[in-house]
Amino acid sequence: MERKMQASKHVYLYSTIHTLKQFDGLREECVSILRDKSMCNQLILPEVSYSEKGMELPPRPKLFDFHGVYMTNYFTDNWDNVQNFQARPNDIIIATYPKAGTTWVSYILDQLYFGQSAPESLTTLTERVPFLEMNIPLIPSGVETLDKLPTSPRLIKTHLPVQFMPRSFWEQDCRVHYSNGMWVLYSSSVVFGPWYDHVTGWWEKKQTHSKIHYMFYEDMIEDMGRELDGLCSFLGLSPSEEEKERVIEGCHFDNMKNNSMTNYSTDLVMDFNISPFMRKGKVGDWKNHFTVAQSEQFDEDYQKKMNNSQLRFRSTF
Ligand code: A3P
């Protein structure tokens with residue numbers, strides 16, 4: 001594996017660190033690393049993680065109430081530019097609640113649109129599918145990256161709740177793929193707000209906006225071929241059977257887990273000894289981590305909060 005990475009890669013990894021792990025306090029560390037490029041070349045290597053270097057992972061960034069939703073400054077500091085983002089009619093938005101299969105859907109779309117033809121300079125999925133609201137000091141924000149993205153259509157990742165979406169997406173009538181699953185976080189004090197609000201907010205929007213495709217993680221696990229057909233029909237794509245098979249094969253859990261483009265193995269702070277990014281990819285796994293009491297509390301909460309919605313999830317088959 002090539003040991004030296006380009007400066008732009010350093011910057012990108014720096015952003016990935018903050019985006020995925022949402023750690024705070026690492027900023028100063030990274031800034032000095034970025035200033036000293038030679039040190040950067042030693043540090044930012046796929047096989048070197050923070051834990052292996054004996055560095056303690058910094059605490060999570062502070063959550064604060066932002067127009068009624070818990071957010072961190074990495075997603076709000078560039079707010080005006082995010083809100084004024086100039087969408088293009090053929091932009092495809094991948095909106096998800098965190099940990100609800102974002103990477104999976106991003107890769108499916110990437111493969112459908114670009115297959116092997118994406119620019120060579122974009123070597124990881126996170127480069128090909130920029131994160132709209134992300135804003136980390138010293139590196140290009142999601143908005144800046146998107147403005148320069150050479151691909152067409154642009155695939156755009158966001159975790160924003162529906163009410164925070166930039167207006168131009170609706171004005172340009174862009175296609176939005178909303179992906180979710182029953183990955184309930186038990187706390188309501190989580191970044192991007194409570195799971196219930198997120199999934200129901202997007203569901204309500206779908207009732208009046210025909211260009212939202214709502215897909216469930218559980219359905220994808222059950223029958224990827226069927227879900228891919230639905231997705232292609234929403235996107236107006238007609239891939240051959242051979243192409244579809246290639247996409248399904250490439251996006252299979254085991255293949256994505258072993259693919260450095262999609263498995264975050266080149267991420268500096270991912271400690272795969274603790275947990276790989278792709279852990280199990282199973283439906284309802286969260287239930288295994290609940291006590292009986294938590295499970296009962298959850299069921300009660302679920303009934304209460306989803307009672308007025310037509311939206312239905314299944315945690316098992
Ligand atoms: P687990 O942590 O249960 O393994 P996101 O990309 O939104 O952060 O979602 C991450 C979750 O999606 C992880 O769940 C990951 O394994 C799962 N995932 C990613 N690609 C997948 C695939 N091809 N098949 C099944 N699950 C997948």
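Begin by selecting K305, which counts as partly exposed because its relative accessible area is 48%. The model on screen is predicted.

The structure contains 9 salt bridges. Select E241 and K244 next; their side chains form a salt bridge of 3.2 Å, N to O. The two are separated by about one helical turn, because they are 3 residues apart in helix α13 (residues 241–250). E241, at 54% relative accessibility, is exposed, whereas K244, at 15%, is buried.

Then display K211 with D173, whose closest N and O atoms are 3.4 Å apart in a salt bridge. This pair links distant parts of the chain: K211 lies in the loop between α10 and β6 (212–216), and D173 in the loop between α9 (167–171) and β5, 38 residues apart. K211 is partly exposed at 24% relative accessibility, and D173 is partly exposed at 33%. To finish this group, select E222, R226 and E227, which a network of salt bridges links together.

**Strand β5**

Move to S179 in strand β5 (residues 175–180). With a relative accessibility of 0%, S179 counts as buried. Leaving aside residues up to four places away in sequence, S179 touches A95, T96, Y97, A100, G101, V105 and M215.

**The nonpolar cores**

Select M71, L132, L160, F169, W202 and F313, the residues with the most contacts inside the largest nonpolar core, which has 50 residues. Helix α10 (residues 195–208) supplies the largest share of this core, 5 residues. A second, separate core has 28 residues, including F114, V129, M215 and M220.

Return to L160 and show its surroundings. Beyond residues up to four places away in sequence, its contacts include M71, W79, V82, L132, F192 and W202.

**A cavity to close the tour**

The structure holds 4 cavities of 30 Å³ or more.

Note on methods:
Residues are numbered from 1 along each chain as its sequence is written. This is a predicted model: local features need pLDDT of at least 70, side-chain atom pairs count only at pLDDT 80 or more; totals for chains, interfaces and linings use all residues. Side-chain values use heavy atoms; hydrogens and water are left out. A nonpolar core is a set of buried Ala, Val, Leu, Ile, Met, Phe, Trp, Tyr and Cys residues joined through side-chain atoms within 4.5 Å. Buried means under 20% relative accessible area, exposed over 50%, partly exposed in between (1.4 Å probe, protein chains only). Helices (H or I, at least four residues) and strands (E, at least two) are DSSP runs, numbered from the N terminus. Contact means heavy atoms within 4.5 Å. On a 1 Å grid over the protein atoms alone, a cavity is a set of points where a 1.4 Å probe fits but cannot get out, and a pocket is an open set with protein on both sides within 12 Å along at least five of seven lines; lining residues have an atom within 4 Å of a point. Grid points are joined across faces, edges and corners, and a volume is the space filled by probe spheres set on the points. A salt bridge is a side-chain nitrogen of Lys or Arg within 4 Å of a carboxyl oxygen of Asp or Glu.
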